[in-house]
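Student: Please pick one part of this model and go through it closely. I would like a connected account of how that part is put together and what it touches.

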Amino acid sequence: MKSLFIWGLLSLTLLFTACSKNDEKPAPADELEGLTLVKSISNATHIIDLYTANGKFETGYNPIYFQIKTTSGSLVDNATTNWMPVMKMMNMSHSCPFSAIEKKQGAQYTYQGFIVFQMPGNDMEYWELSLTYTINGQAYTIKERIQVTDPTRRKVQSVMGSDNKRYVLAMMEPSSPKVALNDMSVLLYTMTNMMQFDPVDNYTIQIDPRMPGMGNHGSPNNIHLTQGADKMYRGKLSLTMTGYWKINLQLLNANGTVVKGEPVAGDNESSSLFFEVEF
Amino acid sequence: MKQLVCCALLLSGLSSTGQTVSAQKDSTKVQELTEVIVISRQASRNKNSNLLSTLDQYLSSHEQVDLIKRGAYAWEPMLNGLSSERSVITIDGMRIYGACTDKMDPVSSYVETTNLSRADVKNGQAGNAHGASIGGSLDLVRKKSGFGNNRFSTHLFSGFEFNNRQRMLGTDLQYSRSRWYTDLDFTIRKAGNYRDGKNQEISYSQFSKFNLSAATGYKLNEHAQVEASVIYDDARDIGYPALPMDVSSAKAVIASLAYTRHHLSNTWQEWETKIYHNKVTHVMDDTKRPVVPIRMDMPGWSTTTGMYSRIEGESSSHQFKLTASAHHNRSLAEMTMYPNDPNEKEMFMLTWPDVHTWYAGLFAEDNFQLHRKWTLNSSAGVAFQQNQLKDEAGVKTLQIFYPDMQSVKNRLLKNFGSSLQYQPGSWRFSMGASYSERAPGVSEGYGFYLFNSFDRFDYIGNPGLKNEQSISLNGTIAFANDRLSLKGQGNWFHIRRYIVGMPASGLIPMTIGASGIKIYEQVPFATIYSASLNASYGIVSGLSVSAKAIYRRGFTNEQLDLPMMQPLSYGVRLQYASNAFSAEASMDGAVKQSKFSPLFGETAAPAYTIASLGAGYQFKWKKNTFQVRGGVDNLFNRYYTTFADWNRIPRMGRNLFLNLIIGFSEPLKARL
């Protein structure tokens with residue numbers, strides 16, 4: 001009697017497992033959970049829906065997700081894609097740091113990458129995003145103007161170092177800061193030319209978080225950011241309370257020489273190189 | 001029946017006589033180590049001539065108790081010169097944890113004199129019955145009229161103090177029958193700012209307080225009774241002139257239910273079991289201060305639920321008592337700062353990150369009559385204490401300083417001690433030695449950026465602290481005959497792993513204007529000793545003179561002086577009492593403090609001497625008793641401050657007081 005029951009249970013389990021295997025097409029909506037549509041851009045054949053977590057492109061580090069669908073609405077899962085963001089200024093153009101594009105982990109139709117916009121657009125000067133993609137050997141392009149705004153708090157800085165190199169620093173984490181010892185990560189690029197930004201190796205990013213609204217006090221046990229195997233700069237950011245924090249930075253090259261930023265000491269209440277966090 | 005009457009008498013009496021009787025009852029030999037502070041409306045029994053003064057003033061009359069003052073209200077009691085984390089204050093054996101991170105609400109601030117009959121002080125390890133303590137315990141004992149008086153009585157109290165325009169109005173009702181009793185009382189106090197000896201007004205020294213208390217008992221049978229008690233205390237608009245912040249509201253609800261059995265057997269005399277619950281809400285803010293670097297609110301909450309069960313017994317040469325107690329406390333405090341820039345978000349942190357404390361302990365006391373003149377008091381206890389941070393955000397907060405910190409910490413706390421007494425004739429000699437341990441307090445273990453306005457450091461708790469261990473010696477020599485009584489007392493504490501805030505270099509304080517950060521650390525040891533002398537002499541019938549002297553000293557193993565140590569202080573009091581009339585004149589003072597702690601921000605408290613006068617007259621008219629008292633404290637309007645005044649704020653200047661107490665008593669027909 002008991003064994004019969006167990007066998008019954010086992011076969012039921014198998015049945016359900018089999019069922020769920022047959023039904024392995026997840027609804028595309030699941031792949032986009034937690035994401036908000038920023039913009040749909042299109043050409044004659046395709047529509048590309050661009051998503052971010054907050055539905056905006058902002059200056060700083062932007063993880064961007066997108067799906068390609070035909071004009072008839074069917075999703076494409078076999079495209080090879082490249083992108084190029086360009087800032088169209090009055091008398092010049094330049095790009096910004098960005099990643100390659102890959103499939104979002106575990107997703108069939110959603111692609112992902114990131115772009116670090118170092119400035120916002122306006123009516124006269126604006127960002128243009130071009131996507132080139134290949135489906136079954138055929139190449140396509142979509143190029144469209146996108147809106148990039150400034151968040152209330154600074155997450156990126158583009159600066160000229162004392163070595164006459166232009167650097168772009170963008171804060172990735174903490175994206176949702178807490179009263180804790182937060183993991184902090186930063187992307188560091190140098191501008192090789194107007195259209196090319198390359199990661200910088202072996203630098204150190206020193207951090208000194210302060211609360212200007214409360215006597216410019218600091219916090220203990222911060223760990224300066226150093227480069228990990230994945231090229232990312234990682235450290236620990238200690239935030240002892242909620243509110244507005246200014247994370248003063250100093251950028252040190254591989255020799256330990258400061259190329260940008262000043263220590264907060266004496267009368268100097270802030271570094272020229274900083275990020276802001278408010279929560 | 002005879003037993004019943006006897007028992008009822010012991011437990012009750014009139015409000016006035018009841019106090020003496022119950023004090024006598026509890027001063028059986030097993031409690032010989034207890035010192036009693038009488039809180040009474042009867043002038044003759046008090047050391048306090050202003051009968052309607054605050055509880056703090058009553059407590060300060062005792063040599064073992066020092067009171068740290070941050071204003072005119074909620075003084076913080078210290079026993080034997082040891083800071084308040086090192087002792088346990090209870091109300092009728094109930095544990096209550098203050099809800100203020102800055103010690104602005106000691107347990108004694110949530111009761112009124114009308115709620116109480118006395119305060120029992122036990123020194124050192126002997127005070128471990130209701131919680132791990134090394135300094136001792138202060139138990140505030142509730143007043144209850146008890147069974148069997150068949151009497152209804154009521155009092156009306158009205159008091160006025162001229163210096164700070166303190167108005168006090170109160171009443172109590174006592175209804176006693178053979179099988180049940182009810183006590184009800186309420187008190188209102190309201191005081192303005194006081195003036196010091198230079199007639200300067202001390203801003204933010206006002207307070208107001210409302211206290212309501214009820215207690216009722218029902219006798220189930222000849223040997224069993226149940227009692228329920230509740231206290232509601234609501235203080236508002238309390239100023240703390242020595243601190244940068246005030247308190248807009250401090251509220252407590254304290255409730256208990258007790259079951260007592262008497263005469264269980266020839267050996268076991270009394271068995272009392274009590275369950276209790278209390279909740280404290282403390283709202284600290286700076287809304288009344290016109291100029292602050294930044295506006296902030298610092299509310300705190302503390303909830304305690306507990307029980308104890310105590311059985312007392314005796315055999316031919318032993319008297320013994322066993323207490324099992326357990327409680328759970330939750331302490332939570334937070335700080336919100338409002339930035340001057342309206343575009344910035346509020347700044348918020350947990351200053352007591354939801355700290356849960358579970359405590360369970362056993363304590364056994366024995367009094368062994370070795371010989372007619374020799375007695376041995378012994379006691380021992382063991383307790384388990386667990387601290388847990390239940391809130392994930394709280395754990396993360398403290399992990400900023402202690403990345404490897406666990407959210408749970410268990411401790412085992414042990415204590416034992418003995419004292420030997422020899423009583424030849426009028427003399428009494430006693431010597432004792434003991435060992436006890438205590439766990440760090442909530443702030444010491446888990447406080448987060450708590451600003452101390454005395455040394456101007458932000459304090460950070462340290463969850464890794466080990467138990468503090470105290471070895472203590474004490475001795476008493478006393479003499480008493482009909483006219484003369486003398487008592488010399490000494491305590492010596494050697495405290496290993498002494499917990500103290502130590503400056504941490506390289507850390508930036510949070511509070512604007514603070515000098516730095518101190519983290520609670522443990523120094524190898526500290527030594528604290530105190531000595532007191534008391535004498536009183538009956539000159540002629542009714543006229544007596546008494547004198548006292550106290551000295552304390554404390555220092556660490558590096559010979560660094562500990563703060564808040566009483567310099568040589570003295571008092572002389574001349575008292576006259578006849579049936580209706582009583583009067584007293586007293587003089588109190590201290591020499592200049594020579595041992596103090598500059599590290600704690602202390603400066604030497606100067607020498608002072610103040611004089612006070614008081615007189616009262618009491619008469620009966622029909623069923624009413626009238627008692628009128630008046631007096632003046634700090635007669636010569638001296639400007640002074642003492643070792644116990646936070647930031648050395650000056651004390652009150654000349655203060656006239658008036659008391660009026662009207663009593664009414666009506667016997668009830670014997671029935672029920």
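This is a predicted model: local features need pLDDT of at least 70, side-chain atom pairs count only at pLDDT 80 or more; totals for chains, interfaces and linings use all residues.

Tutor: Domain bounds, as used here, come from an automatic or database domain assignment. The assignment for chain A gives domain 1, residues 28-149, and domain 2, residues 156-278. The C-alpha centres of these two domains of chain A are 27 Å apart. Where they meet, domain 1 of chain A supplies nine residues to the contact and domain 2 of chain A supplies eleven. The domain 1 side of that contact is made up of four nonpolar and five polar residues, with no charged ones.

The secondary structure of chain A consists of two helices and 21 strands. Of its 279 residues, 34% are buried. Among contacts in chain A with a separation of 6 or more, 54% join residues 24 or more positions apart.

Take the sheets next. One open sheet in chain A has five strands in the order E1-E2-E4-E8-E7, with antiparallel pairing. Its edges are strand E1 (36-42) and strand E7 (102-103) of chain A, each of which pairs on one side only. Strand E1(A) runs antiparallel to strand E2 of chain A (residues 46-52), and six bridges join the two. Within this pair, Lys39(A) is set opposite Leu50(A) in E2(A).

Another open sheet of chain A has four strands, ordered E6-E5-E9-E10, and the pairing here is antiparallel. Strand E6 (93-94) and strand E10 (138-146) of chain A each have a single partner strand, so they stand at the edges and one side of each has no neighbour in the sheet. Inside this order, strand E5 (residues 79-88) and strand E9 (residues 126-135) of chain A run antiparallel and are joined by ten bridges. Pro85(A) faces Leu129(A) of E9(A) across that pairing.

Then there is the packing. In soluble globular proteins, nonpolar side chains tend to be buried together. In this model, the largest nonpolar core has 153 residues. The residues with the most contacts inside this core are Val116(A), Val168(A), Ala170(A), Val186(A), Leu188(A), Ile205(A) and Ala119(B). Strand E14 of chain A (residues 180-193) gives the most to this core, with eight residues. The core lies between domain 1 (28-149) and domain 2 (156-278) of chain A, because both give residues to it.

The contact between the chains takes 19 residues from chain A and 25 residues from chain B. On the chain A side, eight of the residues are nonpolar, nine are polar and two are charged. As for chain B, an unreviewed UniProt entry places the feature "domain: TonB-dependent receptor-like beta-barrel" at residues 145-635 of chain B. Over that stretch chain B is 67% strand and 3% helix, and the end C-alpha atoms are 37 Å apart. Elsewhere in chain B, strand E2 (residues 65-68) pairs with E3(B) in the antiparallel sense over four bridges, with Val65(B) opposite Leu79(B) in E3(B). Strand E3 of chain B (residues 76-79) points Glu76(B) and Met78(B) one way and Pro77(B) and Leu79(B) the other, and all are buried.

Notes. Residues are numbered from 1 along each chain as its sequence is written. Chains are lettered from A and ligands numbered from 1 in the order in which they are written. A residue is buried if 20 or more other C-beta atoms lie within 10 Å of its own, exposed if 12 or fewer, and partly exposed in between; C-beta atoms are placed from the backbone. Two strands pair if DSSP finds at least two bridges between them. Two residues are in contact if their C-beta atoms, placed from the backbone, lie within 7 Å. Ala, Val, Leu, Ile, Met, Phe, Trp, Tyr, Cys and Pro count as nonpolar, Asp, Glu, Lys and Arg as charged, and the others, Gly among them, as polar. UniProt positions are given in the numbering used here, feature names are shortened, and annotations may be inferred rather than shown by experiment. A nonpolar core is a set of buried Ala, Val, Leu, Ile, Met, Phe, Trp, Tyr and Cys residues joined through C-beta atoms within 7 Å.
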